[in-house]
2 protein chains.
Amino acid sequence: MRKVAIAGVGMTKFGKTDKSLVELFTEAAMEAINGSNIRPRDIQALFVGNCLGDFAEGQANIAGFLASELGLPPWTPATRFEGACATASVAIRDAFMWVASGFYDTVLVGGVEKILHMGTPLATRTFAMASDSKYEEFCGLTFPGVFAMLAHMYAHKYGIPLPVLKERMALVAVKNHKNGAMNPLAQFQKEITVDTVLNSFMVADPLQLFDCCPFSDGAAALVLTTGEKAAKMVDKPVYILGIGQGSAGSLIRQKDYTVMQSRVASARQAYRMAGVGPEDIDVCELHDCFTIAEIVASECLGFFEFGKGSEALENGETAIGGRIPINPSGGLKAKGHPIGATGAAQAYEIVRQLRGECGRRQVDGAKIGMTDTLGGDASTIVNLILGV
Amino acid sequence: MRKVAIAGVGMTKFGKTDKSLVELFTEAAMEAINGSNIRPRDIQALFVGNCLGDFAEGQANIAGFLASELGLPPWTPATRFEGACATASVAIRDAFMWVASGFYDTVLVGGVEKILHMGTPLATRTFAMASDSKYEEFCGLTFPGVFAMLAHMYAHKYGIPLPVLKERMALVAVKNHKNGAMNPLAQFQKEITVDTVLNSFMVADPLQLFDCCPFSDGAAALVLTTGEKAAKMVDKPVYILGIGQGSAGSLIRQKDYTVMQSRVASARQAYRMAGVGPEDIDVCELHDCFTIAEIVASECLGFFEFGKGSEALENGETAIGGRIPINPSGGLKAKGHPIGATGAAQAYEIVRQLRGECGRRQVDGAKIGMTDTLGGDASTIVNLILGV
C-alpha cells in the first residue's frame, strides 16, 4: 500500500445559499484543485458524497454531472456515495483505497448538500429516512428523538442527575459556538452562554434548540494523491495515517447505545492502521450533531473513560488549549452540518489545523488529528487519522 | 494487484414482491454466501447499490441495516452506492478494488431495488432525477424521451428510414423476450412477435410500450474473493479480468449521443485491463433499457461498426447461437430492471453462463463474458469483463 496524502483542500462558507449542488461542489473542488497546484484534468477519478440531493433538488446520479462541470474527460470515473451524515467520510475512505492501491495517483473527493430551502421541519422528517424505515421511522422517531433517548440513557447509566448533564451538554454548545465564532466559514459565528441553551425551546426532552446542530448548505473537497506527488505539489502535505469504518443495524439491535460498537470498532481500525492511540491525537473533529453526541463520541474514541466525558468537558479538557481540543472549527453545532459534506469538512479543518493555518482557533503544535463521522443511528461510522 | 474472483452468486426472481429492501437483498446475499460455501461472518465488507430506496421505502443509509440483517459484526464496513441504473456495477467495481489491493480477502457486493408498488408513472417521474435536474428535468424530459430522441438521431445519422429502424428495434424486444422465456427468474417469461411491439401503445415516439423495459423489484449479490481463496471455496470460480468506468454530463454536453464517449472510454479501460478485445467476448449482458439502447450499446462496445448494429441484430448475430449473443438472460427488457440491482444481475447471468449453468439459454462454450451498465443519460457507465 502506498502512502496517501491530502494536497489541496476546499470548503464553501456553510449556511443558506442560492447556488445549486453542482455549483456548490464545484466551488469547493476548484479551491482544492487550485490549492494543489494542479489542473482539473490531472484528476483521475471523482468520489462524491451527497445524501439528500434527490429530495432537495431532484438530483440523483450527481457524480457524472459534477465531473462534467469540472471539465473532467469521459474516461474519468465519478461515483456517488451515501451513508447519511457519514456520506463524505465513506467517500474519502474509498478514494484513499484507490490511491493507496496504486490504481490512481490523484483523485478528487468530497461532499455536498443543499437543504435549507426545504425548511427544518421538512428536512428533519426527510432525513429520518436514515434510521430504520421499518422499525423506527414508522413510529415517528426522528434524530432529535434518537439522541434525546441517548441523553436519558447516559444520565441513567452513569448516575448523573439530568440537570447536571444538561448543564454539561450546554457547555458543548458554548465551546463549539466559541470556536465557530473564530471560523469565517462557520454558519454561526456568535458566542452563546449556558443560559442561551437552557432558555431555548425544547425540541425533544432533554434536548433544547441549542443542543441541536443546524441543517446547512455547503460543500468541501480534498485532493488525494501519493505521498511522493503531494510533496511536489504543495509545501505542507498532510498524510492519511489510518482509516476505519464500522456499521450497525437499528437501535433495537444495538446492545448499549452509550457505547456504540460500530464507532469503537471503526476507531480501533484507524488507530491500528496509524499505529497510534487516543493519547497521540492532538486535535479532533467529531460528530456533535447533538451536544450529547459529542460527549458520547469523545468516550467511544478513547479520549476519556466511558461515563467521564461530560466531566472532562466541564474541566475544559476539550477546549482549544485543553488536553484534546475537540471541534475547533465549531463542529456541526456552530460551523454547520451540510449532511453529505460534513465528513469532508471535518477533514478540511484537520488539514488546516495540521498546516497551522487556523488563526485564532489554531491548536498549537498539532501534528496528528482525527475525524469522526456518524451516519444515522451509528449505522455508518468512519474515522480518519491524519498527520504531518 | 491480486487476482479477484467471483465465488458464489445469488439473485431473487424479478417482478413485484411484498418483501422489503432488506429482505430482498438478504435473500440474494444468502444465496451468494451459501453458494460460496462460507458463512456470513467470513464477509469482511459489504458494498451495496440502491437507487430509489429513499423514495420507494423511506430508507436511506441502507448499508448498515443490510449488514446487521446478515449478522455481520460492527467492524464490517458497509457502503451504499448510487449511480442510477449503473448503481450496482459501480459497487462491484469498487468492491473489486478492495480485494485486488489486498485490503480484504472476501467481500459481499450487490444491489437491490423495490419500486413496483409506486406504479410506473410515478416511478418514471421519480427516476427522471437521474438526468440533469437543472437543464433536463425541468423541461419535462423523462428517460423514454431521452431514448426516443436517440432513436431519431440514430435513424437520421445513419440514413435508416424510421419504419425500418423500428422493425429492427422490435427485433431486440422479440429476441430478449425469447431469451427471458427460458429464464425462470425473469419478470416476463413470454415470447412476443414484432407485431406485439408495433401494435403496443406509443410511449414516446418512436418508442412503443414493448420498446421499453419494465420497472422491477429484485436483488442480486456476488461474493468476491481472491483467486486463491475462490479456488478452495467453489468448483468453478469466475475471474474479474477487466473493469472500466466512465462519466458524462447532461445531454447538451455530449457531442454525439449515438457514440457515447463515456461508454467507449469505459469499455476501452475494461478491454485494456483484461487484455482482450470485443472479438474475444463470447457473451454479453448489456443495458437494453430501451430497444434502441441495445443497438447503440452493441456498437459502443465494439461488437459492430457504428451504424451497423441494427443490421447485425436483424441477421441474428446477437441471438443465442449467433456471433456475439447479447442478453441471453432476457436483458432489462424481459428479465426486468430493478434499477439498483441491475448491474449485479448482469454479472450473475455472466457468471452462470461461464459456469455452463444456463440450461436452454446457455451460450455454448462461453469462456469470456462482459457486462455493460448505463446510468442516467450515460452519465455513469461501468463495464466488467469476466472469464474462467
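This is a short tour of chain A, with something to select at each stop.

**Before you start.** This is a predicted model, in which local features need pLDDT of at least 70, side-chain atom pairs count only at pLDDT 80 or more, and totals for chains, interfaces and linings use all residues. Residues are numbered from 1 along each chain as its sequence is written, and chains are lettered from A and ligands numbered from 1 in the order in which they are written.

**Stop 1: colour by pLDDT.** This is the predictor's confidence in each residue, from 0 to 100. Chain A has a mean of 97.

**Stop 2: the two domains.** Select 4–118 + 216–239 of chain A for domain 1, then 141–213 + 242–387 for domain 2. These bounds come from an automatic or database domain assignment. The C-alpha centres of the two domains of chain A are 23 Å apart. Their contact (C-beta atoms, placed from the backbone, within 7 Å) takes 36 residues from domain 1 and 35 residues from domain 2.

**Stop 3: α4(A).** Select 87–100. Helices are DSSP runs of H or I, at least four residues, numbered from the N terminus. α4(A) gives seven residues, the largest share of the side of domain 1 that touches domain 2.

**Stop 4: α6(A).** Select residues 143–158. Buried residues here include Phe143(A), Phe147(A) and Tyr154(A). Buried means that 20 or more other C-beta atoms, placed from the backbone, lie within 10 Å of the residue's own. Now show α7 (162–180) and α11 (291–300) of chain A, which are among the elements covering those buried residues.

**Last stop: Gly159(A).** This residue follows α6(A), and its phi is positive, near 65°.

Terms used:
Contact = placed C-beta atoms within 7 Å. Helix = DSSP H or I, 4+ residues; strand = E, 2+ residues; numbered from the N terminus. Expected span 1.5 Å × (residues − 1). Buried ≥ 20, exposed ≤ 12 C-beta atoms within 10 Å, placed from the backbone.
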